[in-house]
Amino acid sequence: MERYYQPELECMPREEMIQLQNQRLKQQVRHVWEDVPYYRKKMEARGLTPEDIQSIDDLHKLPFLSKDDLREAYPYGLLGRPLKDCVRIQSTSGTTGKRVVAFYTQKDIDLWEECCARAIVAAGGTDEDVCQVSYGYGLFTGGPGLNGGSHKVGCLTIPTSSGNTDRQIMFITDLQATILCCTPSYAAYLGERMKEMGMGPDDIPLKAGIFGAEAWSEEMRRDIEKTMGIKAYDIYGLTELSGPGVSFECSAQQGMHINEDHFIAEIIDPDTGEVLPEGEQGELVFTSIDKEAFPLLRYRTRDICVLTREKCPCGRTHVRMRKPRGRSDDMLIIRGVNVFPSQIETVLLNNGYAANYQIIVDRKDNTDTFDVHVEMTPEMFTDNLSEVSAMQKKLVDDLRSMLGIKAAVTLVAPKTIARSEGKAVRVVDRRKL
């Protein structure tokens, strides 16, 4: 039998949901008009006032927001509440070292945690469960979001964060954890380590996993499920909108239900910005209709996917999004972290290298590998191994500082990396996602 955390909202008839969205959208547009001068200017540039937005049918009139806007407005330009009303920030990496900083009032956090609670209950979670949260904590939204959702459901919550794999397995077995929350690649690694320790599905108390923050294939899902003897659920979110819990899978696993009482989704043509009919593939755009501190309207996610309103066997009425099929920009997600080639370019240029480099991403033993090949300039070229080693170490450290994860750096001789007359092939992604 399907369980719901907030059945009156998750199963709300479409007509009632539209009324709720209309009301909240009008209030939100008024809020950003009065409290976010940056967005008000964008509306004024289009000749719009709040009176022009009376329902979700008028949503297409509003201007988009993009990562460029977040960078330009950093840190406080999109803040919708006085700082004294804000109780937390979360953050993710930006394209040039500036980070996306999202602000939260206590109400924002409560609503976010409710969205995560819905995902946990959809995965079978109750107050009888033990939920191990192995996403990173701190600025990354994964840990705090699922931690709060677990508390709302009433699970015993184990806030292990990521890493220290043998200790993770000890807690899973000793405390009889039934739900695991982490990135899919880390879940796969945990499963492999358990197998090495001689543990089979019958030895593992877990029944479900809630995995997100990076792309993963159906093959990877089946492998994790087989190794651990669990059902693996997908979850989606962005720091800009709150974090994980914007959408989540139910037991039917036919797409992720978007929490439509908080977020309105559109699919647009990434080149023209035109709204596409339901069922067509395009770029996903979100409007948050009740966030107070960081109220983004028509935010372009750059994720390419499809929406469907076909009836779901689980009984939820919220629109579903298919697993994103790629991105309309050059961002990579490596081990759950956003990585832009422009960030790597910035580090190289700051260290005196030319922008001749190649990023090679692969997946080995269910974990992303991340290699950067960099050409030395003729002036710095040397075959002195100790000098090359020192130069590589400096780049490894600077890239880790910029990106938040470690890359393996290989320095190569000048003119080694193939040139292109067209667009340079900066990224070689060998992962089969």
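**Notebook: domains, helix contacts and local geometry**

I looked up the domain assignment, which gives domain 1 (1-327) and domain 2 (332-429), the bounds coming from an automatic or database domain assignment. I am working with a predicted model, in which local features need pLDDT of at least 70 and side-chain atom pairs count only at pLDDT 80 or more, while totals for chains, interfaces and linings use all residues. Residues are numbered from 1 along each chain as its sequence is written, and side-chain values use heavy atoms, with hydrogens and water left out.

**Between the domains**

I took the centres of domain 1 and domain 2 over C-alpha atoms and found them separated by 31 Å. To the contact (heavy atoms within 4.5 Å), domain 1 gives 18 residues and domain 2 gives 12 residues. I noted a buried area of about 1300 Å² between domain 1 and domain 2, with 47% of it from carbon and sulfur atoms; buried area is the accessible area (1.4 Å probe) that two parts lose on being put together, summed over both.

How many salt bridges are there between domain 1 and domain 2? I counted zero, a salt bridge being a side-chain nitrogen of Lys or Arg within 4 Å of a carboxyl oxygen of Asp or Glu.

**Salt bridges in the structure**

The structure holds 31 salt bridges, and I looked up one of them, Lys42 with Asp69, whose closest N and O atoms are 3.2 Å apart. This pair links distant parts of the chain, with Lys42 in helix H3 (residues 37-45) and Asp69 in helix H4 (residues 67-73), 27 residues apart. Helices (H or I, at least four residues) and strands (E, at least two) are DSSP runs, numbered from the N terminus.

**Helix pairs**

I checked helix H5 (residues 106-122) against helix H6 (residues 142-153), and their axes come within 7 Å and cross at roughly 75 degrees. The axes are lines fitted to C-alpha atoms, for helices over the stretch in contact, and angles run from 0 to 180 degrees between N-to-C directions. H5 and H6 are therefore roughly perpendicular to each other, a term that covers 65 to 115 degrees, with angles under 35 degrees counting as roughly parallel, over 145 as roughly antiparallel and the rest as oblique.

For helix H7 (residues 165-174) and helix H8 (residues 184-196), I found axes that come within 10 Å and cross at roughly 80 degrees, which makes H7 roughly perpendicular to H8. Thr165, Asp166, Gln168, Ile169 and Ile172 of H7 meet Tyr186, Tyr189, Leu190, Arg193 and Met194 of H8.

**Backbone**

I noted a cis peptide bond between Tyr74 and Pro75, with omega about -5 degrees, and I placed Pro75 in the loop between H4 and strand S1 (88-92). Arg298, a residue other than glycine, has a positive phi near 50 degrees; I found Arg298 in the loop between strand S11 (282-288) and strand S12 (299-305).
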